[in-house]
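We will go from stop to stop, with something to click on at each one.

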Amino acid sequence: MPKILVHTCCGPCLIYPYEKLKDEGFEVFSFFYNPNIHPYGEYLKRLATWEEFVNKFQIPYENLNYEPEVYFQAVNFPEKDRCLQCYRLRLEKAAKKAKEVKFDYFTTTLLVSPYQKHDEAWEIGKSLGELYGVPFFYEDFREGYYHGVEKSRKLSMYRQWYCGCIYSEIERIKEKEEKRKRREKQDESRIIG
Ligand code: SF4
């Protein structure tokens, strides 16, 4: 049975890739390395949700220490490349680990979210696979995104409302504020009209 290390960004995003890879005959190992999650309280919530899931389904796993300073060092230049640096940081740890434990493949749950830069994550994974000599396994897991959402709700799992870093939290808050303002304007014009 081929062994695959799955870099896991959070519990809900692991659901579909785990089920799919198991069906495809892989032995799945979940690897949690996410120094991009801020603040620390949010990190702990996501970590606890993931731990509960892997324990419930008896998935072998490992989580590395929280090191937000490493994330900030990695993204501390060209702001426009922030997410790509973030992917590289996390996937490089995964590739190194997969090599160290002699796994056949590695992959990432980033491939399940329609909100991530899918092709870029794939490219980065592929190039790291070549660099470390462990093939990056690609599959378009986005087809199972809503299955994961449904199942995580049934399991009462915590679902985050922003990607992870402080920048993404700010972006989401601003988006919400913009939407609220647009709605207010529409309501006003309906009343005046
Ligand atoms: S938005 Fe998400 S992927 Fe991009 S840098 Fe922040 S945590 Fe990483």
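Select Asn36 first: this residue is buried, because its relative accessible area is 3% and buried means under 20% relative accessible area, exposed over 50% and partly exposed in between (1.4 Å probe, protein chains only). Asn36 lies in the loop between strand E2 (27-32) and helix H2 (40-56); helices (H or I, at least four residues) and strands (E, at least two) are DSSP runs, numbered from the N terminus. Now show what Asn36 touches: leaving aside neighbours within four places in sequence, Asn36 is in contact with Tyr71, Cys86, Arg90, Gly164 and Cys165, where contact means heavy atoms within 4.5 Å.

Two notes before moving on. The model is predicted, with local features needing pLDDT of at least 70 and side-chain atom pairs counting only at pLDDT 80 or more, while totals for chains, interfaces and linings use all residues. Residues are numbered from 1 along each chain as its sequence is written, and side-chain values use heavy atoms, with hydrogens and water left out.

**Next stop: the ligand**

Which residues surround the ligand? Select Asn36 again, together with Tyr71, Arg82, Cys83, Cys86, Tyr87, Arg90, Gln116, Cys163, Cys165 and Ser168; a residue is near a molecule if one of its heavy atoms lies within 4 Å of it. Colour helix H4 (residues 82-100), which gives the most to this shell, with five residues. By class, the shell has six nonpolar, three polar and two charged residues. For these classes, Ala, Val, Leu, Ile, Met, Phe, Trp, Tyr, Cys and Pro count as nonpolar, Asp, Glu, Lys and Arg as charged, and the others, Gly among them, as polar.

**Widen the view: the pocket**

The ligand takes up the space of the largest pocket, since a molecule sits in a pocket if more than half of its atoms lie within 2 Å of its grid points. On a 1 Å grid over the protein atoms alone, a pocket is an open set of points with protein on both sides within 12 Å along at least five of seven lines, a cavity is a set where a 1.4 Å probe fits but cannot get out, and lining residues have an atom within 4 Å of a point. The volume of the largest pocket is about 870 Å³; grid points are joined across faces, edges and corners, and a volume is the space filled by probe spheres set on the points.

Of the 35 lining residues, pick Ser113, Tyr115, Gln116, Tyr162 and Cys163, which lie nearest the centre of the pocket. H4 brings the largest share of the lining, five residues. By class, the lining has 18 nonpolar, eight polar and nine charged residues.

Asp140 lies in the loop between helix H5 (118-132) and H6 and is partly exposed, at 29% relative accessibility. Beyond four places in sequence, Asp140 touches Leu111 and His118.

Finish at Tyr61 in strand E3 (residues 61-63), partly exposed with a relative accessible area of 33%. Not counting residues up to four places away in sequence, Tyr61 touches Phe29, Ser30, Trp50, Val54 and Asn55.
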